[in-house]
Amino acid sequence: MRTITLELLRHGPAHNQLLSPLTQYLALCENHSAVTLQLPMEHNQLLYRLGALAYRMGEEPRQFQLRDTARLLGELLATIPGLTADMNRRVAGVAVDEDTNTHLRLVLSASELALLPFELALAPAGFPGAGQPLLLQSQSPVCITRETRRVAEETVVWPEETRVLFVVASPPGQQPVPAAAHLLALRTRLEPWVGTTAADPNSPGNSKLGRHLTVLTQASAEAIERACAEQVYTHVHILAHGCEYRDGYDTRFGLVLHAPDDPMGPPDIVSGERLATALRTARKGSSGELSRPAVVTLASCNSGNVGSVAGVGASIAHALHQAGIPMVIASQFPLSFGGSVRLVEELYDGLLWGEDPRTLLIDLRRMLHTQFPDTHDWASVTAYSSLPANFNTQLASVQIQRAMKSINVALDLADEVVARTPRTRRSERGTGNLGGSARTPELMGRELDAAIVRVRTAKQRLARLLERHGGDRPRILGLLASTEKREAALSYEIRKRTADATAGARLMADVWTALARARQLYFDTFGLDPSSFWSAVQYLSLTIVLQLANRLPPGAETPSQAAEKLWDLAEVQSLRDLSSAKSSVREWALGNLIELYLLAPAMPAVAARYPAANWIERARQHAASLADSASADSFEVFSTRRQIARYLDWYAELCDGKLPESVLAIADAVIDLLPAQRPADAPG
């Protein structure tokens, strides 16, 4: 996304200046020459326009002012030649079919200019989509954000972890707010990181929702301050009414919150400055560190409205941004209930995945314009932002991390569902305490269906990230391989419960196809990152399973893929990693060695080196070391035990009795040594 910075300046303080055709402003656009601007209206004329746009004067005046104000603002932008030139300049090296979105940073220092609804402007002659609303034209989509100089861009770090604070206020005498619809929207969009399914609403994963979402009802300014002092919130969503109030001789807009001592009493009208202080309070036990969410969304009418410009102060959104919050999304006009729900749905659907908020704003405006034709909600939305120069790089990392976390939840859920299915006595020993309470066949079927949908959805998102972020290819390929393997396990379980022979055959074909894809992806991961020996071990594991089941593709073994050589290479490196200073490296190396020694009896050239008892003893020694060096609920122990259990479960079934008894004997011996406790922070 290309960025164009337009700054509008004038002499004097930010406040106590009315709009006038006599006032001169200085427009600075990128490296172009400065241009002097004069607005062709008096302050009262603008206030009249804003009154009509605030739905106070009826439908006909509103429609007229929508068109006329849009025209006037378009003509104002047309008087800045540098802006016209930059809006038409293609970014060097960007192909025609690549991202052609434009981010117009509007830096305003004068309060009276912040009153202007620039989001309404028509694209003037010389702009892409001339004659159409600038933010709705599709020739070169544009996102306008407002900005203050007081947020240090270089200190902004976009969050890889997300925790949302949902603030709801609806004091007596106020129209009820759509709290249930907003909560449902947030809850649904957090689902990929919570790990529950609709099939099992009583799953323990429901208790993990509290790690991602906190709901503050009957909210007061003090309650918001306490919440932000006790916990780090990355996103704050506020649903409350906006209200005009008198501040001395000035008119301001504030949020209608509950009084702290009497929630059912008279409301507390909270100014933007007070709200900013509550959100940026000192965190408990942090030696003076202030809380700072990355994003605050205000589903409140007039939260972006400046009000009077005579005294010091600004809109709620401006005050929050000025206090150091990197991105604040608000509404400068009344926002319909339906529009507010769509705002939270569309914004958080992308924000939680690490999508570019500027692109989300472009999409949101177009959606509001399409779905709510009787309002101008699309123009009401206003955003204040201050983003660092490396924002695109940060977004790439965040998107991968968020996808990885959702994948881990999906894969863990898949393993839980498989572990809860009925097993042979031997397999039940292998799965330890992963099982839950007894499931009816109907519920189990719904769980399997929900789990495989989640895994496939995660796989599709990973595949898209692979196209967008090729630099992280090894990490993404490894996740894709794990996803394919879990999908194969789920397809196999569904197939066992399918009475239809044709459907069963199709599902079994899906199992073999997914395992073959996983095998190749593991090898590709190892080829791109030779230090990832875990991927080589997984490649060997699937090679043996497919080979014993006579499902190995013809010509699958090349000199570079020779199983014996890879086994030796993985063993040497894993033994070397046992001396690493990092405990996690040592523990993963132990896990690799356990599985390598388990696989050895199934590889004739390797098995011949030692008697069968030797392989069992080696695997047992490393399993004991892993159990001793790591805590009982460590993820390394949990993951290694889960992998070994697969040999006793579905790998043995897939191989139809061809998996050597010596392999199963090693798996039995290792399972007895590794604790079966689930990590306390395991996803799902």
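How many of the 16 residues of α17 are buried? The count is 13, so helix α17 is largely enclosed by the rest of the structure. The model is predicted.

**The chain as a whole**
- The chain has 684 residues, of which 58% count as buried.
- Among contacts in the chain with a separation of 6 or more, 74% come from residues 24 or more positions apart.

**Helix α17**
- Helix α17 covers residues 533–548.
- At 1.5 Å a residue, its 16 residues should span 22 Å, and the C-alpha atoms at its ends are 23 Å apart, which agrees.
- After α17 comes Asn550, which has a positive phi, near 55°.

**Arg189**
- Arg189 belongs to helix α5, which runs over residues 179–194.
- Buried means under 20% relative accessible area. Arg189 has 18% relative accessibility, so Arg189 counts as buried.
- Leaving out residues up to four places away in sequence, Arg189 touches Val344, Glu345, Tyr348, Asp349 and Leu352.
- With Glu345 there is also a polar pairing: a polar atom of the Arg189 side chain lies 2.8 Å from the backbone oxygen of Glu345.
- Trp353 is 164 residues from Arg189 along the chain, yet the C-alpha atoms of the two are separated by 9.4 Å.

Notes: Residues are numbered from 1 along each chain as its sequence is written. This is a predicted model: local features need pLDDT of at least 70, side-chain atom pairs count only at pLDDT 80 or more; totals for chains, interfaces and linings use all residues. Side-chain values use heavy atoms; hydrogens and water are left out. Helices (H or I, at least four residues) and strands (E, at least two) are DSSP runs, numbered from the N terminus. Buried means under 20% relative accessible area, exposed over 50%, partly exposed in between (1.4 Å probe, protein chains only). Contact means heavy atoms within 4.5 Å. A polar contact is a pair of N or O atoms within 3.5 Å; within protein, one must be able to donate a hydrogen and the other to accept it, and residues adjacent in sequence count only if both atoms are side-chain atoms. The expected span of a helix is 1.5 Å times one less than its number of residues.
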